[in-house]
Amino acid sequence: MVSPSIPPSRVGTIAVFPEGTKEGEGMDTLEAIVENLKEGQVSKVRELTQVALGEGVSAGDILDKGLIGGMTVVGKLFKENEIFLPEVMLAAQAMDAGMQVLEPLLLKSGGQRVKGKIALGTVAGDVHSIGKNLVMVVLRGSGFEVTDLGVNTPPQKFVDAARNGAQIIGMSALLTTTMQNMKIVMEALEEAGLKERVKTMIGGCIVTQEYADFIGADGYAPDAGSAIDKAKELLDLT
Ligand code: B1M
């Protein structure tokens with residue numbers, strides 16, 4: 001799984017994998033991250049993330065092809081009932097461990113500072129935090145001031161954030177049963193007379209542009225990178 005975008009000299013089969021690491025012949029570091037994330041090997045994923053950085057693989061590639069790649073496989077196996085919640089939870093911890101290694105680098109890579117206050121939370125009833133945290137890290141890395149409203153966030157907390165100066169209210173949802181709570185937040189903002197004063201942005205693997213249009217959200221972003229562009233667009237910073 002060597003990506004054509006990464007020079008082969010930078011991603012080869014590494015000579016030494018952390019002890020006990022799941023590896024196979026010809027397995028490169030990113031592939032080993034995917035495998036170990038799938039297996040919920042928290043410390044191995046942390047170590048392999050460091051190994052990949054040592055090999056010169058960019059934090060973005062480790063994130064996309066290793067950590068998110070692994071989590072995508074986990075999602076598929078979960079959907080097909082090949083693995084169950086405890087395994088998914090371990091995989092999520094492994095992803096977190098890798099992200100902790102990458103976070104300082106993702107924060108640094110932002111470049112030019114842009115001004116803008118964003119409050120970001122996963123909506124009520126939903127405890128999925130990984131995507132929301134990732135979006136938060138890259139937005140901070142791009143110079144936005146981001147307040148983390150956490151997971152299972154009640155509508156009032158979004159309203160309070162808007163009242164306290166957030167220019168963008170960001171909502172994340174990963175469940176078809178909780179995405180409707182985004183609409184409830186929109187209604188709560190409207191009722192509080194704040195809807196015209198703030199911009200709203202939504203995302204999460206089950207959310208679409210059509211749904212954003214349906215609930216009257218100002219923006220939708222399919223991934224963390226697009227969330228930066230969308231936030232800049234919403235605040236006329238492009
Ligand atoms: Co759950 N889960 N889960 N889960 N889980 C999904 C979402 C699911 C698709 C799995 C599946 O069936 N294939 C499915 C939802 C199906 C549906 O509703 N259509 C599901 C289910 C059913 C459940 C439970 C109901 C299972 C159960 O209890 N029987 C339960 C619900 C708990 C609850 O919230 N009340 C549950 C629980 C869990 C865990 C706790 C075990 C764990 C979460 C741990 C954690 O987050 N700390 C978990 C996980 C890990 C997943 C999968 C496997 C991975 C999610 C993830 O972290 N992806 C997921 C399957 C999948 O997505 N393939 C699944 C990686 C992350 C980087 O991507 O979050 O999509 P994502 O974020 C992306 C974009 O979506 C976007 O940018 C991010 C970065 O690129 N984005 C935004 C996200 N938010 C954004 C906001 C923005 C802009 C962009 O602007 C504001």
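Let me begin with a definition: Ala, Val, Leu, Ile, Met, Phe, Trp, Tyr, Cys and Pro count as nonpolar, Asp, Glu, Lys and Arg as charged, and the others, Gly among them, as polar. In these classes, the shell around the ligand has 21 nonpolar, 10 polar and 3 charged residues.

The model is predicted, with local features needing pLDDT of at least 70 and side-chain atom pairs pLDDT 80 or more, while totals for chains, interfaces and linings use all residues. Residues are numbered from 1 along each chain as its sequence is written, and side-chain values use heavy atoms, leaving out hydrogens and water.

Let us turn to the ligand. It is surrounded by 34 residues, and the closest are Val127, His128, Ser129, Ser172 and Thr176; a residue belongs here if one of its heavy atoms lies within 4 Å of the ligand.

What does the protein donate to the cobalt atom of the ligand? There is a single donor, NE2 of His128, 2.3 Å away. Donors are N, O and S atoms within 2.8 Å of the metal (3.2 Å for Na, K and Ca), and sites may look incomplete because water is not among the atoms. Histidine 128 sits in the loop between β1 (117–123) and α5 (130–141); helices (H or I, at least four residues) and strands (E, at least two) are DSSP runs, numbered from the N terminus.

Next, serine 172 places a polar side-chain atom 2.8 Å from a nitrogen atom of the ligand.

Finally, asparagine 133 is found in helix α5. Its relative accessibility is 18%, so asparagine 133 counts as buried, a term meaning under 20% relative accessible area, with a 1.4 Å probe and protein chains only.

Technical notes:
Polar contact = N/O pair within 3.5 Å; in protein donor to acceptor, adjacent residues only side chain to side chain. Buried < 20%, exposed > 50% of the residue type's maximum accessible area, 1.4 Å probe, protein only.
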